[in-house]
Amino acid sequence: MQIFISGGQGPATNYAVAADASVDELKAAIENVEFIPSSLFHLTSSRGTLNAGSLTGAGVSDGDQLTMVFEITGGMRAKWRKKRMRRLRRKRRKMRKRAR
């Protein structure tokens with residue numbers, strides 16, 4: 001079975017896997033070619049996210065295109081967020097005192 005994976009840089013990449021292959025086996029094949037750890041991405045199809053189990057059980061057939069979505073954590077460091085919140089609280093308190 002041929003599956004097309006898009007989401008990395010460049011055009012979609014073609015992978016040949018067995019029809020009874022699992023999602024983990026496909027992720028391992030992608031990891032071997034793209035050199036991206038399988039823990040940093042997940043695969044989605046038109047039917048939803050592929051978590052575990054076989055590809056046929058997830059509704060993936062020959063010639064389907066899957067999208068590789070990267071898990072990117074974001075946001076402020078907790079220490080910076082705490083400092084910012086304290087600064088804003090102090091500023092609001094000062095403004096309330098001036099308004100009296």
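What follows goes from confidence to the sheet, the core and a few single residues.

Trainee: What kind of model is this?
Mentor: It is a predicted model, where local features need pLDDT of at least 70, side-chain atom pairs count only at pLDDT 80 or more, and totals for chains, interfaces and linings use all residues. Residues are numbered from 1 along each chain as its sequence is written, and side-chain values use heavy atoms, with hydrogens and water left out.

Trainee: What does the protein chain average in pLDDT?
Mentor: The average is 89, and 99% of the residues score at least 70. pLDDT is the predictor's confidence in each residue, from 0 to 100.

Trainee: Which element has the lowest mean?
Mentor: E4 does, at 90, while E1 has the highest, at 93. Those labels come from DSSP runs: helices are H or I with at least four residues, strands are E with at least two, and numbering starts at the N terminus.

Trainee: OK, the sheet. What is the strand order?
Mentor: The order is E2-E1-E5-E3-E4, in an open sheet of five strands with mixed pairing. E2 (13–16) and E4 are the edge strands, each pairing on one side only. On average, neighbouring strands are turned by 35° against each other, direction ignored. For that angle, axes are lines fitted to C-alpha atoms, for helices over the stretch in contact, and angles run from 0 to 180 degrees between N-to-C directions.

Trainee: And what counts as pairing?
Mentor: DSSP must find at least two bridges between the two strands. In general, strands of a sheet pair through backbone hydrogen bonds, either parallel or antiparallel.

Trainee: Parallel or antiparallel for E1 and E5?
Mentor: Parallel, over three bridges. Ile 5 has Leu 66 in E5 as its bridge partner.

Trainee: How many bridges join E1 to E2?
Mentor: Four, and those two strands run antiparallel.

Trainee: What about E3 and E5?
Mentor: They run antiparallel too, joined by four bridges, with E5 covering residues 65–70. Phe 41 has Phe 70 as its partner in E5, and His 42 has Val 69.

Trainee: Why is E3 called largely enclosed?
Mentor: Because four of its five residues (41–45) are buried, E3 is largely enclosed by the rest of the structure. Buried means under 20% relative accessible area, exposed over 50%, and partly exposed in between, with a 1.4 Å probe and protein chains only.

Trainee: Give me one residue there. Is Thr 44 buried or exposed?
Mentor: Buried, with a relative accessible area of 17%. Thr 44 touches Thr 49, Leu 66, Thr 67 and Val 69, leaving out residues up to four places away in sequence. Contact here means heavy atoms within 4.5 Å.

Trainee: Switching to the core. Which residues touch the most other members?
Mentor: Ile 3, Ile 5, Leu 26, Ile 30, Leu 43, Leu 55 and Leu 66, out of 16 residues in the largest nonpolar core. E1 (2–6), H1 (23–34), E3 and E5 each supply at least two residues. H1 gives the largest share, three residues. A nonpolar core is a set of buried Ala, Val, Leu, Ile, Met, Phe, Trp, Tyr and Cys residues joined through side-chain atoms within 4.5 Å.

Trainee: What does Leu 55 touch?
Mentor: Its contacts, not counting residues up to four places away in sequence, include Ile 3, Val 17, Leu 26 and Val 60.

Trainee: How many salt bridges are there?
Mentor: One in the whole structure. Asp 64 pairs with Arg 47, with 3.7 Å between the closest N and O atoms. Asp 64 sits in the loop between E4 and E5 and Arg 47 in the loop between E3 and E4, so the pair ties together parts 17 residues apart in sequence. The cut-off is a side-chain nitrogen of Lys or Arg within 4 Å of a carboxyl oxygen of Asp or Glu.

Trainee: Is Arg 47 buried or exposed?
Mentor: Exposed, with a relative accessible area of 54%.
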